[in-house]
Amino acid sequence: MPDRDDAVALLEEWVENEGLRKHMYAVEAAVRHYARLRGEDEELWGLAGLLHDLDWEKDPENHPVTAVERLRELGYPDEVLQAILAHRASFTGVEPVSDLDRHLIACDELSGLVFAACLVRPTGIDDLRPKSVVKKLKDKAFAAGVSRDEVAHGIELIGLERSEHIQNVIDGLRAVAEELGIRGEDVRS
Ligand SMILES: [Fe+2]
Ligand SMILES: [Fe+2]
């Protein structure tokens, strides 16, 4: 099975946009955090998070089918391919069935909102609490590209309280805050 270094090299080959790269790293971190919490395979879950939007820049029309075709050729595990297809079930027709599928969906849009929330706070992610994220969630004009319906759908899929899920995503992102540039000292400079 290809490892994380292979996946990062692939990501850097396919994705040029810095924002999209950070989104993929953020979702990886959130999904990995859940793998840890659930006693699941962190490497496997991490690969799905890291690569879920691989073709978004190169072939948005067929996202994520183009990516999955390539990943299949490269020998990525079925669980990873399935999760990536299921994160866009409305397009692929592949429904989420595994815990990995469900957590990838739940972390995808919410990571984007948490990331955006960090950037508008002088303290970044340092002291970010679910309450502040909920406020941003309710402010439809904030990070308008983040689908509130998708966030709600994800929370429903994993069956946690909203604030508990938000806290878990914050914890996941905090582990890579420096790389994402979302610590207080990063956003202030
Ligand atoms: Fe996507
Ligand atoms: Fe995504």
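The model you are looking at is predicted, so please read every value here as computed from its atoms. Ile155 sits in helix H9, which covers residues 148-158. Leaving aside residues up to four places away in sequence, Ile155 touches Ala106, Leu160, Arg162 and His165.

**The whole chain**

Stepping back, what secondary structure does the protein chain have? The count comes to 12 helices and 0 strands, and from the N terminus on the elements read α-α-α-α-α-α-α-α-α-α-α-α. The radius of gyration is 15 Å, close to the 16 Å that the globule rule gives for 189 residues, so the chain is as compact as a globular protein of that length. Along the principal axes, the C-alpha atoms fill a box of roughly 45 × 35 × 35 Å. Of the 189 residues, 41% count as buried.

| Helix pair | Angle | Axis distance |
|---|---|---|
| H2 (residues 18-38) and H3 (residues 42-51) | roughly 155° | within 7 Å |
| H8 (residues 130-138) and H10 (residues 162-174) | about 110° | 9 Å |

The axes of H2 and H3 cross at roughly 155°. That angle makes H2 roughly antiparallel to H3, because angles over 145 degrees fall in that class. H2 passes H3 in a right-handed crossing. On the H2 side the contact includes Met24, Val27, Tyr34 and Arg36, and these residues are among those that meet an H3 set including Glu42, Trp45 and Leu50. By class, the contact of H2 with H3 has 9 nonpolar, 2 polar and 4 charged residues.

H8 and H10 pack at about 110°. Their angle makes H8 roughly perpendicular to H10, since that class runs from 65 to 115 degrees. Pro130, Val133 and Val134 of H8 make the contact with Arg162, Ser163, Ile166 and Gln167 of H10. These residues divide into 4 nonpolar, 2 polar and 1 charged.

**Stops in the loops**

Where does Asp126 lie? Asp126 is in the loop between helix H7 (99-119) and H8. Asp126 is partly exposed, with 16 other C-beta atoms within 10 Å. Not counting residues up to four places away in sequence, Asp126 touches Arg183 and Gly184. Asp3, by contrast, is 123 residues from Asp126 in sequence and 30 Å from it in space, C-alpha to C-alpha.

Two backbone details also deserve a look. His63 and Pro64 are joined by a cis peptide bond, with omega at about 5°; Pro64 lies in the loop between H3 and helix H4 (65-73). Ala143, in the loop between H8 and H9, has a positive phi of about 40° although it is not a glycine. Is Ala143 buried or partly exposed? With 19 other C-beta atoms within 10 Å, Ala143 is partly exposed.

How values were computed: Residues numbered from 1 in each chain as written. Chains lettered and ligands numbered in written order. Predicted model: local features only at pLDDT ≥ 70, side-chain atom pairs only at ≥ 80, totals over all residues. Axes fitted to C-alpha atoms, helices over the stretch in contact; angles between N-to-C directions. Helix = DSSP H or I, 4+ residues; strand = E, 2+ residues; numbered from the N terminus. Parallel < 35°, antiparallel > 145°, perpendicular 65-115°, else oblique. Contact = placed C-beta atoms within 7 Å. Nonpolar A, V, L, I, M, F, W, Y, C, P; charged D, E, K, R; others polar. Rg over C-alpha atoms; globule rule 2.2 N^0.38 Å. Buried ≥ 20, exposed ≤ 12 C-beta atoms within 10 Å, placed from the backbone. Left-handed = near helix turned anticlockwise from the far one by under 90°.
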